[in-house]
Amino acid sequence: MITRSPATLQRVIPTQASTDTPGWQAQLSGAVRDPHVLLDRLKLDPNWLPGAERGHALFEVRVPEAYLARIRPGDPADPLLRQVLPLNAETDSVRGFVSDPLEEAEHSPHPGLIHKYPGRVLLIASPTCAINCRYCFRRHFPYSENSPSRAQWDEVLNYLRVDPSIQEAILSGGDPLASSDKRLAWLVERLDEIPHLKRLRIHTRLPVVIPDRIDDALLGWLNATRLQKVVVLHINHANEIDDAVVDACARLRSTGATLLNQSVLLRGVNDDVETLATLSERLFEAGVLPYYLHVLDPVTGAAHFDVPDDEAIALVDALREQLAGFLMPRLVREVPGENSKTPLGG
Ligand SMILES: *Cc1c(COP(=O)(O)O)cnc(C)c1O
Ligand code: SF4
């Protein structure tokens, strides 16, 4: 990782792609990773620091400049800030909140592979993320054990080759697009060769966090695959969609990819009808269809984001009265042992 001097951190990187914007890798390694710098840059009261440091010790701060630029300085209630600022509340131990709420470890036949649902498998294509979301259900995930080497990829690919019921490969992580284009191009070429695979799905937050990630090198391998492409973004609030994100979505769509979005229902971020309606409208303007609205997975350290089920169902019922049907996300929960996400409410 490149260590940046505080002077460099002061410089705000424009979110529009331009020749003097650092490449995405530099933006990734230059992300703010120090709670003190985060508070300072956003002109927040230093009283937040002790709590931020305690949360940071559990799951480190990581916020790229392009995302930081969308946060209102001086506003501790900013919905984007809430997603990235560690709080003392993360140290609370709350009954029912555990380190591996989805019991994914039990569905991993090989390192780097999770096969829980029929017909599709999840490949952990990169152990890291461009941003560390405080509510993340993978905040305790043993990533180091799940970053496959070439030899391990061969085993994962063999698993796919010998099971003709698998039609879809989902690149996940961490964030798969945190991987280099060289590695991704290699992997997608191997997937292309498996005759029964029909679809390539990519679950990523990178186009939102660092829109410059959607560059020519990425579009190159994405355009080259014979597989049908679905990109599932992760956006929780309309303020995350600035012009650079809209452009990144347009570049992705230029490859023929279908763009969907999943959100997590989060206390203090998007737990009201107006916010959710605006998000759906803004997504569609960017050419993205709402897919899932997840209730929070009960992971240790994230209980302060929880919205109770009855409230979540009431919110979505009210949302349905405001939105066109195709702008409605499906409210779901992930229940360990089930063969699909479980719908909530009607
Ligand atoms: C969510 C998930 C999928 C994809 O499920 P869809 O309902 O098809 O979006 C696949 N595998 C795992 C392990 C998942 O958690
Ligand atoms: S981008 Fe996704 S996987 Fe990464 S920290 Fe955020 S929620 Fe977790």
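**Ligand shell, domain contact and local backbone features**

The residues of the shell around ligand 2 comprise four nonpolar, three polar and three charged members. In this predicted model, the shell is formed by Cys129, Ile131, Asn132, Cys133, Cys136, Arg138, Gly173, Asp175, Arg205 and His234.

Glycine 173 is linked to glycine 174 by a cis peptide bond, with an omega of about 20°. Most peptide bonds, by contrast, are trans. Glycine 174 itself belongs to the loop that runs between strand 3 (168–173) and helix 8 (181–192).

On the side of helix 8, the contact is made by Asp181, Leu184, Ala185 and Val188, while helix 10 contributes Ala217, Leu218 and Trp221. Six residues of this contact are nonpolar and one is charged, with no polar residue present.

At the level of domains, the assignment for the protein gives domain 1, spanning residues 13–91, and domain 2, spanning residues 104–343. The C-alpha centres of domain 1 and domain 2 are separated by 22 Å. The contact between them draws 27 residues from domain 1 and 24 residues from domain 2. On the side of domain 1 that touches domain 2, two or more residues are given by each of helix 2 (24–29), helix 5 (65–68) and helix 6 (81–84). This side of domain 1 consists of 17 nonpolar, five polar and five charged residues.

A further backbone feature occurs at lysine 43, where phi takes a positive value near 55° in a residue other than glycine. Most residues other than glycine have a negative phi. Lysine 43 is placed in the loop between helix 3 (35–41) and helix 4 (49–58). Its surroundings contain 10 C-beta neighbours inside 10 Å; since a residue with 12 or fewer such neighbours is classed as exposed, lysine 43 counts as exposed.

Note on methods. Residues numbered from 1 in each chain as written. Chains lettered and ligands numbered in written order. Predicted model: local features only at pLDDT ≥ 70, side-chain atom pairs only at ≥ 80, totals over all residues. Helix = DSSP H or I, 4+ residues; strand = E, 2+ residues; numbered from the N terminus. Buried ≥ 20, exposed ≤ 12 C-beta atoms within 10 Å, placed from the backbone. Domains from an automatic or database assignment. Contact = placed C-beta atoms within 7 Å. Nonpolar A, V, L, I, M, F, W, Y, C, P; charged D, E, K, R; others polar. Near = placed C-beta within 6 Å.
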